Amino acid sequence: TSSGNLVVTGTARFGNGFYCDAQGNAKVKELRVTLTDWPDYVFGAGYRLMPLGEVENYISENGHLPQMPSAEEVEADGADLGEMNRLLMQKVEELTLYVIDLQKQLNELKSNR
């Protein structure tokens, strides 16, 4: 459209094997999503990393990670790819902090032998 949106009501073929299908298929060579609020804030001094015990309890109660949509939500509403990538990066950065903390604990245990 003139506003920059791609609207497909069937299958659109763009050449070179690229297509978009309203029934759920898309093939593109590259897709760029522009976002703000990329989760590098996880590494900031004021970020509260949820203790692993709380994460475990949340998973037991809810069946998915905190801040992530449930399978039911994604099946019903789909997932915004940009937002999902932001959330996934946040979880990767949180996992990195957990691993760093575990390595420090392991090093301390080794040095106290």
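Helices (H or I, at least four residues) and strands (E, at least two) are DSSP runs, numbered from the N terminus. With that in hand, the protein reads β-β-β-α-α-α along the sequence. The secondary structure comes to 3 helices and 3 strands.

This is a predicted model, in which local features need pLDDT of at least 70 and side-chain atom pairs count only at pLDDT 80 or more, while totals for chains, interfaces and linings use all residues. Residues are numbered from 1 along each chain as its sequence is written, and side-chain values use heavy atoms, with hydrogens and water left out.

**Stop 1: the whole protein**

Show the surface. The protein exposes about 9000 Å², and carbon and sulfur atoms supply 52% of that area. Accessible areas come from the Shrake-Rupley method with a 1.4 Å probe; for residues, only the protein chains shown count as cover.

Now colour by burial. Buried means under 20% relative accessible area, exposed means over 50%, and partly exposed lies in between (1.4 Å probe, protein chains only). Of the 113 residues in the protein, 18% are buried.

Among contacts between residues at least 6 apart in sequence, 45% join residues at least 24 apart.

**Stop 2: helix H3**

Select residues 81-111, which make up helix H3.

Go to the N-terminal end of H3. Asp-80 caps it, with a side-chain oxygen 3.0 Å from the backbone nitrogen of Gly-82.

Next, pick out the buried residues of H3: Gly-82, Met-84, Arg-86, Leu-87, Gln-90, Lys-91, Glu-93, Glu-94 and Tyr-98. Which helix do the buried residues of H3 pack against? They pack against H1. Select 52-62 to see H1.

**Stop 3: the salt bridges**

A salt bridge is a side-chain nitrogen of Lys or Arg within 4 Å of a carboxyl oxygen of Asp or Glu. How many does a search of the whole structure find? It finds 3.

Stay on H3 and select Glu-83 and Arg-86. Their closest N and O atoms are 2.8 Å apart. The two residues sit 3 places apart in H3, about one turn of the helix. An α-helix has 3.6 residues a turn, so residues three or four places apart point the same way. Glu-83 is partly exposed at 32%, whereas Arg-86 is buried at 11%.

Move along to Lys-91 and Glu-94. This salt bridge has its closest N and O atoms 3.2 Å apart. Lys-91 and Glu-94 are also both in H3, 3 residues apart. Lys-91 is buried, at 10% relative accessibility. Glu-94 is buried too, at 9%.

Glu-54 is partly exposed, at 35% relative accessibility. Arg-48 is exposed, at 52%.

**Stop 4: around Lys-91**

Return to Lys-91 and show its surroundings. Not counting residues up to four places away in sequence, Lys-91 touches Leu-65, Pro-66, Gln-67 and Met-68. Zoom in on Gln-67. Its side chain makes a polar contact of 3.1 Å with the side chain of Lys-91. A polar contact is a pair of N or O atoms within 3.5 Å; within protein, one must be able to donate a hydrogen and the other to accept it, and residues adjacent in sequence count only if both atoms are side-chain atoms.

**Stop 5: the loop between E3 and H1**

Select Tyr-41, which is found in the loop between E3 and H1. Tyr-41 is partly exposed, at 31% relative accessibility. Which residues is Tyr-41 in contact with, leaving aside its neighbours within four places in sequence? They are Tyr-47, Arg-86 and Gln-90. The C-alpha atoms of Tyr-41 and Glu-93 are 9.5 Å apart, though 52 residues separate them along the chain.

Now select Trp-38. Its place is in the loop between strand E3 (25-27) and helix H1. Trp-38 is partly exposed, at 39%.

**Stop 6: a nonpolar patch**

Together they make a nonpolar surface patch of about 560 Å². Patches are made of residues with over 30% relative accessible area and no salt bridge: like charges are joined within 9 Å, nonpolar side chains (Val, Leu, Ile, Met, Phe, Trp, Tyr) within 5 Å.

Note on methods:
Contact = heavy atoms within 4.5 Å.
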